[in-house]
Amino acid sequence: MNTRISKNFTMTGQSARGSLAFGSGNAKVLADRRNQVGRAGITLVPYLDINNNNKRDENERITYGLDLRINGGRILQGKNDSIFRILDLEPFASYMLELNDTKFENIAWQLTNKNMSILMDPNQFKLIEIPIKVMGEINGMVYLRSGNKLKPQSRVVVNIY
């Protein structure tokens with residue numbers, strides 16, 4: 001607000017500036033004093049890909065522990081969710097996103113793509129769902145017991161449930 005007083009009149013004014021950003025995930029509206037018109041944004045949703053199909057299904061939960069870096073913008077992470085929002089990105093520019101999977105609560109949770117290049121579109125959030133795979137490794141030998149003898153087996157398929 002401002003007011004200007006002179007001998008014959010009084011003039012008052014009022015102004016506001018900033019932006020409201022919609023569409024960043026979880027029905028969240030981001031209010032900021034900085035102007036976001038003409039800018040671009042990214043919404044990153046890390047989820048546990050249980051069935052390994054690279055698509056987020058209803059029963060696949062959003063996970064915590066993803067660590068990321070990007071060559072520009074501002075990274076915001078909510079206190080109540082693990083969705084990352086990256087603001088103040090230049091439209092029509094390409095950004096390099098680096099993901100790190102060392103802070104997940106389970107060591108078997110791994111990322112298959114740790115680096116990606118993203119081309120930004122103006123005036124919108126680009127939704128990127130990050131599948132986190134449940135991986136592991138086994139090794140050993142398979143033997144067939146015949147009486148008191150063990151005979152090694154080759155070309156055996158092992159299914160783990």
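Is Ile 160 buried or exposed? Ile 160 counts as exposed, at 62% relative accessibility. The cut-off for that label is over 50%. The model is predicted.

## Overall build

The protein chain has zero helices and 14 strands. Along the principal axes, the C-alpha atoms fill a box of roughly 115 × 30 × 25 Å.

Buried residues make up 29% of the 161 residues. The protein chain exposes about 12,000 Å². Carbon and sulfur atoms supply 49% of that area. Among contacts with a separation of 6 or more, 51% come from residues 24 or more positions apart.

Strand E8 covers residues 84–89. Six of its six residues are buried, so E8 is largely enclosed by the rest of the structure.

E8 pairs with two strands named here. Strand E5 (residues 40–49) pairs with E8 in the antiparallel sense, over four bridges. Within that pairing, Thr 43 stands opposite Arg 85 of E8. Strand E7 (residues 74–77) also pairs with E8 in the antiparallel sense, again over four bridges. Here Arg 74 has Leu 87 of E8 as its bridge partner. A hairpin of six residues joins E7 to E8.

## Salt bridges

The whole structure holds eight salt bridges. One of them links Lys 133 and Asp 49, whose closest N and O atoms are 3.1 Å apart. This pair connects distant parts of the chain: Lys 133 is in strand E12 (residues 125–134), Asp 49 is in strand E5, and they are 84 residues apart. Both Lys 133 and Asp 49 are buried.

Arg 69 forms a salt bridge with Glu 98, with the closest N and O atoms 3.6 Å apart. Arg 69 lies in strand E6 (residues 67–70) and Glu 98 in strand E9 (residues 94–100), so the pair ties together parts that are 29 residues apart in sequence. Arg 69 is exposed at 58% relative accessibility. Glu 98 is partly exposed at 34%.

Asp 101 and Lys 114 form a salt bridge too, with the closest N and O atoms 3.3 Å apart. Asp 101 is in the loop between E9 and strand E10 (109–111), while Lys 114 is in the loop between E10 and strand E11 (115–119), so the pair ties together parts 13 residues apart in sequence. Asp 101 counts as buried at 9% relative accessibility. Lys 114 counts as partly exposed at 34%.

## Surface patch

Which residues form a nonpolar patch on the surface? They are Ile 138, Val 142, Val 156, Val 158 and Ile 160. Together they have about 460 Å² of accessible area. Ile 160 is found in the segment after strand E14 (149–152).

## Lys 28 and Pro 152

Lys 28 sits in the loop between strand E3 (19–21) and strand E4 (30–32). Lys 28 counts as partly exposed, at 35% relative accessibility. Lys 28 and Pro 152 are 124 residues apart along the chain, and their C-alpha atoms are separated by 59 Å.

Key:
Residues are numbered from 1 along each chain as its sequence is written. This is a predicted model: local features need pLDDT of at least 70, side-chain atom pairs count only at pLDDT 80 or more; totals for chains, interfaces and linings use all residues. Side-chain values use heavy atoms; hydrogens and water are left out. Buried means under 20% relative accessible area, exposed over 50%, partly exposed in between (1.4 Å probe, protein chains only). Two strands pair if DSSP finds at least two bridges between them. Patches are made of residues with over 30% relative accessible area and no salt bridge: like charges are joined within 9 Å, nonpolar side chains (Val, Leu, Ile, Met, Phe, Trp, Tyr) within 5 Å. Accessible areas come from the Shrake-Rupley method with a 1.4 Å probe; for residues, only the protein chains shown count as cover. A salt bridge is a side-chain nitrogen of Lys or Arg within 4 Å of a carboxyl oxygen of Asp or Glu. Contact means heavy atoms within 4.5 Å.
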